Every structure is written in structure tokens, then in C-alpha cells.
Amino acid sequence: MIVTQVIVGPDQHGVVQFAHRIHDAVVGVGGDSVIDCYLNSPAPQRISTSDVVHLHVTDRLFGSPADRAAETVSEVVAAVRATGARVVITLHDVPQPSDGRSFEVRTAAYRRIAELADVVVVSSDHERLLLAEVGVEHASLQVIPLPVATGRADPVTAPGPATVGVLGFLYPGKGHVEVAAALPPGAEFVALGRPSPGHEDLVDDLRAVSPSARVTGYVADDDLPAALHAVTVPVAHHRHLSASGSIVTWIEHGRRPLVVAGRYTREFEARSPGTVTIYEEGDLAEAVARAAADPASTWIDAGVLAHPTADEVGAAHVGAYRAALSAPAGAALRVTT
């Protein structure tokens with residue numbers, strides 16, 4: 001069984017990085033996986049021939065608005081099916097009401113994309129429930145969480161004021177401004193990342209509530225360990241998470257981030273106890289102050305193991321590919337009302 005991972009988007013995008021990790025995980029458990037990478041939506045005829053094609057889809061990488069992305073995915077899948085291959089689609093950034101005006105368009109697009117797949121994969125039970133809440137329940141839907149390696153690091157005591165950091169692109173709803181406004185006395189805020197396109201104004205919003213706030217810009221892989229270790233208090237205050245690469249990145253560098261309570265973060269904590277510290281949304285300032293006063297609490301203790309591991313994820317994906325090969329030809333979507 002040969003699997004082609006179709007990866008669309010710039011190397012720095014979280015979905016692109018995730019897709020490469022899935023390839024590595026599949027190969028790590030003995031699977032036969034090849035990669036087709038494209039900066040923009042692929043020409044369907046260029047996709048490598050294989051038994052299963054795995055598309056890693058978020059609408060923002062395949063086109064905008066979302067219905068255009070769905071049309072592009074449809075064209076790619078049609079070309080794939082013409083070769084006799086089966087289709088697995090991982091859906092990222094599943095629509096949810098916090099999307100605002102784009103929610104209905106995104107929901108319709110994701111419903112159409114799901115219809116195209118032999119197997120649909122999502123990265124959390126929370127995402128599965130989000131789809132179910134809008135009436136999309138695929139007959140072959142699998143939950144395979146993001147792979148996470150448990151980092152080990154000695155706690156770092158950085159000189160100077162305590163720093164409170166948020167990792168990842170700056171965009172509305174990520175929580176940068178709220179965290180910057182909740183600093184304990186004497187602490188400084190650092191945004192480890194750059195504004196997402198069109199949201200450069202968030203830098204001004206940050207500095208309006210915390211004049212000393214720093215925005216690092218993109219942090220290269222070689223510089224990431226030192227940058228993450230230097231932060232006193234790591235925080236993920238995104239209130240509408242459905243899966244989170246930034247939380248995983250903190251953990252893989254030995255950090256135990258503060259995460260705001262929600263269905264996804266409680267799911268994460270239950271699967272990997274000891275890797276995150278959950279606080280209620282109204283308790284942000286108090287939670288940050290507690291962590292700043294006890295920096296050791298923001299590092300992962302020896303003996304803690306996060307799940308799923310790369311091998312667990314690789315094996316789960318091999319199972320999904322086999323399920324796609326054994327599924328009846330055609331769509332397997334069930335839509336409830």
C-alpha cells in the first residue's frame with residue numbers, strides 16, 4: 001500500500017508542518033508514504049499515483065472564500081479517483097460559530113469536502129462534535145489527535161523581569177491582547193511569532209495595553225528551543241481551539257503551558273495529564289500571577305508522558321488508509337438534520 005501525502009501551503013504553516021509529521025510517523029511504523037508538496041493548490045494531474053491519497057485540508061490554504069477551496073479540493077479528488085486511488089482527508093480548522101460571518105459558508109464547504117472522502121480524519125473529539133453539531137457525520141470518520149513528543153528540559157531562570165509568552169501567529173481570538181492585559185506587576189509580554197496577513201494592527205493593540213510588549217516575528221526552528229525556554233510563563237488563551245499545534249510545541253520543548261478551559265483543552269488534559277495547566281477564562285490574571293510566582297510549575301515533571309506518540313499516530317493513520325481501501329467506492333457521508 002503506497003500513500004501520497006498531498007501538502008499545500010508554505011513551510012511555516014502549522015498544517016503543512018503537521019502533514020510532514022504524519023508522513024514521518026507513517027514511515028516510522030513501516031508504512032510506504034511519499035510527499036507531494038505545493039505552495040498553492042496543486043494541478044490535479046501532477047499528483048503522484050498511489051493506492052491512497054491523503055489530503056491535509058484547511059480552506060484557507062486551498063482557496064478563499066471557502067466555497068472556492070471546496071471546488072479546488074473537488075477537482076483534485078476527481079483526478080485522484082480517475083487513477084483508482086482512494087481518498088483520505090484530514091480536516092483542519094473545523095468551522096465553529098466563533099467564525100462569525102464566514103461560519104455558514106465554511107460549514108457548507110467542509111460538508112462538501114467531507115462528501116469527497118472515503119475516510120475523514122479530525123484531530124480531536126471536539127472537532128468531531130463540532131461537525132456533528134452542524135449535521136455532518138461521516139460514516140467513516142476517525143479521530144486521530146496531533147502527535148506529541150514529551151520534551152525534557154531543565155528549568156531556566158532567565159535574568160531580568162518575568163516574561164509571559166504566547167506562541168504562534170497573531171490573529172483575532174488567539175488571546176494575545178487579553179494575556180498582555182493580564183500581566184502581573186513588573187512582568188513583560190512577548191509574542192513569539194508574527195501577525196497573520198491582514199492583522200498587523202494587532203501589534204498596536206498589544207502595545208496599547210502593554211507598551212513594552214515584544215513581537216519577535218517568525219522564530220526559526222534552530223532558535224525555537226532557546227526562545228521557548230526563556231519565557232517564564234507560557235500561555236495559550238485561544239478560547240476557540242479545536243486542535244492546537246502551539247500547545248504541542250510548548251510541550252515538546254519541556255514546557256507546561258497555561259491553557260484556558262474548554263472542551264478541547266479538557267480533552268487534551270485527560271489524554272496527557274501533567275502536560276498543561278487549565279484555568280477558567282475569568283481567572284487568567286490570577287493564573288498568570290500564580291505561575292510567575294512558581295515558575296517550576298510551567299515545566300513538565302519527569303515521568304510525564306504525552307499522547308499520542310508519533311508511533312501511535314503513525315499506526316492510526318495506517319489503519320485509516322486500510323479502511324479507505326476496504327470502504328465501498330464513493331462517498332460515505334451521512335448528513336443529519
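Tutor: Happy to! One definition to begin with: buried means under 20% relative accessible area, exposed over 50%, and partly exposed in between (1.4 Å probe, protein chains only). This is a predicted model, so local features need pLDDT of at least 70 and side-chain atom pairs count only at pLDDT 80 or more, while totals for chains, interfaces and linings use all residues. Residues are numbered from 1 along each chain as its sequence is written, and side-chain values use heavy atoms, with hydrogens and water left out.

Student: Great. Is glutamate 200 buried or partly exposed?

Tutor: Glutamate 200 counts as partly exposed, at 47% relative accessibility. You'll find glutamate 200 in the loop between β9 (188-192) and α7 (201-209). Helices (H or I, at least four residues) and strands (E, at least two) are DSSP runs, numbered from the N terminus.

Student: Okay, on to pairs. How many salt bridges does the structure hold?

Tutor: There are 10 salt bridges. The term stands for a side-chain nitrogen of Lys or Arg within 4 Å of a carboxyl oxygen of Asp or Glu.

Student: Which side chain does glutamate 252 meet in a salt bridge?

Tutor: Glutamate 252 meets arginine 21, at 2.5 Å from N to O. The two come from distant parts of the chain, 231 residues apart: glutamate 252 is in helix α9 (residues 245-252) and arginine 21 in helix α1 (residues 14-28). Glutamate 252 is partly exposed at 22%, and arginine 21 is partly exposed at 32%.

Student: And what about glutamate 71?

Tutor: Its side chain forms a salt bridge with that of arginine 112 (2.8 Å, N to O). Glutamate 71 sits in helix α3 (residues 66-82) and arginine 112 in helix α4 (residues 103-115), so the pair ties together parts 41 residues apart in sequence.

Student: Where does glutamate 133 lie, and where is arginine 263?

Tutor: Those two side chains also meet in a salt bridge, at 3.0 Å from N to O. Glutamate 133 belongs to helix α5 (residues 125-133) and arginine 263 to helix α10 (residues 263-271), so this pair ties together parts 130 residues apart in sequence. Glutamate 133 is exposed, with a relative accessible area of 52%, whereas arginine 263 is partly exposed at 37%.

Student: Which residues do shared partners join into one network?

Tutor: Asp59, Arg60 and Arg106, through salt bridges that share partners.

Student: Switching topic! What's the strand order in the open sheet?

Tutor: The 6 strands run β10-β9-β8-β11-β12-β13, with parallel pairing. Two strands pair if DSSP finds at least two bridges between them.

Student: Which strands stand at the edges?

Tutor: β10 (214-215) and β13 (277-279) do; each has a single partner strand, so one side of each is left without a neighbour in the sheet. Further in, 2 bridges join β11 (residues 233-236) to β12 (residues 258-260), which run parallel. Alanine 236 stands opposite valine 259 in β12.
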